[in-house]
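Dear colleague,

Please read the notes with the model open beside them.

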Amino acid sequence: MIQRIQTIFLVLAAACAFGLFALPFATSAQSAEATSLFADGVYNINDHMGLLILFCAAGGLALISVFLFKNRKQQLLLGRFAIIANVIGIFLMLFLMYQEGAISGDTEADEQLGVGLPVLFLVFAGLALRYISKDEKLVRSMDRLR
C-alpha cells in the first residue's frame, strides 16, 4: 500500500541495504596482498560472505515487509529482524575493517559513502517501525470504540 508513509521508509531502507552493492565501505591507495579485504584496494560487501548475507537479509526483510501491510504484527516482527541483521552487519563490517587494518599496519583505508548506508538503513527502518506501531495502536483504539 504505497500511500502509507511506512511503505516509503521501508523501500528507502531496502534501497540503502541493496545500495551497498554499488558503494564500497573503504578504499586504499595501495593494495595490500597480506589482507583479504584490501587485496584489490577496495573493501565492499562482496569481500566477506557474512556481510553479503546479513545486508541482503536486512534489505530483503525490509522489502518483504512492504507487502505485509494487512498484517502489521508480522510487519513489525520482520522489521525488527531486519534491524537486528543490519546491526550485526555493521559490527561485522567495522570489526573486519579494523582487524584487517591492524594486521597490515602499512595500509591506510579511507572510509567511503558505503559506511553511512547501514546507518541510514537504521534510521529509515526505525521510522517505519514507529509509524507501523502507530497504525496498530490506532486500529486497536478503533476496535475498542465499537
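A nonpolar patch, as the word is used here, is made of residues with over 30% relative accessible area and no salt bridge, in which nonpolar side chains are joined within 5 Å. In this predicted model, Val 11, Phe 18, Phe 21, Leu 63 and Phe 67 form such a patch on the surface, and together they have about 460 Å² of accessible area. One of these residues, Val 11, is found in helix 1 and is partly exposed, with a relative accessible area of 38%.

As for the overall layout, the chain has four helices and three strands, which run α-β-β-α-α-β-α from the N terminus on. Among contacts between residues at least 6 apart in sequence, 76% join residues at least 24 apart.

The largest nonpolar core holds 31 residues, of which Phe 25, Tyr 43, Leu 51 and Phe 121 touch the most other members. Helix 1 (5-18), helix 2 (49-66), helix 3 (72-103) and helix 4 (117-145) each supply at least two residues of this core.

Leu 68 is found in the loop between helix 2 and helix 3, where it is partly exposed, with a relative accessible area of 21%. Leaving aside residues up to four places away in sequence, Leu 68 touches Gln 74, Gln 75 and Leu 78, while its C-alpha atom is separated by 10.0 Å from that of Thr 7, which is 61 residues away along the chain.

The structure holds three salt bridges. In one of them, Arg 4 pairs with Asp 135, the closest N and O atoms being 3.4 Å apart; because Arg 4 lies in the segment before helix 1 and Asp 135 in helix 4, the pair ties together parts that are 131 residues apart in sequence. Arg 4 is buried, at 12% relative accessible area, whereas Asp 135 is partly exposed, at 24%.

Arg 72 forms a salt bridge with Glu 136, with the closest N and O atoms 2.9 Å apart, and since Arg 72 lies in helix 3 and Glu 136 in helix 4, this pair ties together parts that are 64 residues apart in sequence. Both Arg 72 and Glu 136 are buried. Glu 136 also forms a salt bridge with Arg 140, at 3.3 Å between the closest N and O atoms; being four residues apart in helix 4, Glu 136 and Arg 140 are separated by about one helical turn. Through these shared partners, Arg 72, Glu 136 and Arg 140 are joined into one network of salt bridges.

With best regards

Key:
Residues are numbered from 1 along each chain as its sequence is written. This is a predicted model: local features need pLDDT of at least 70, side-chain atom pairs count only at pLDDT 80 or more; totals for chains, interfaces and linings use all residues. Side-chain values use heavy atoms; hydrogens and water are left out. A nonpolar core is a set of buried Ala, Val, Leu, Ile, Met, Phe, Trp, Tyr and Cys residues joined through side-chain atoms within 4.5 Å. Buried means under 20% relative accessible area, exposed over 50%, partly exposed in between (1.4 Å probe, protein chains only). Contact means heavy atoms within 4.5 Å. Patches are made of residues with over 30% relative accessible area and no salt bridge: like charges are joined within 9 Å, nonpolar side chains (Val, Leu, Ile, Met, Phe, Trp, Tyr) within 5 Å. Accessible areas come from the Shrake-Rupley method with a 1.4 Å probe; for residues, only the protein chains shown count as cover. A salt bridge is a side-chain nitrogen of Lys or Arg within 4 Å of a carboxyl oxygen of Asp or Glu.
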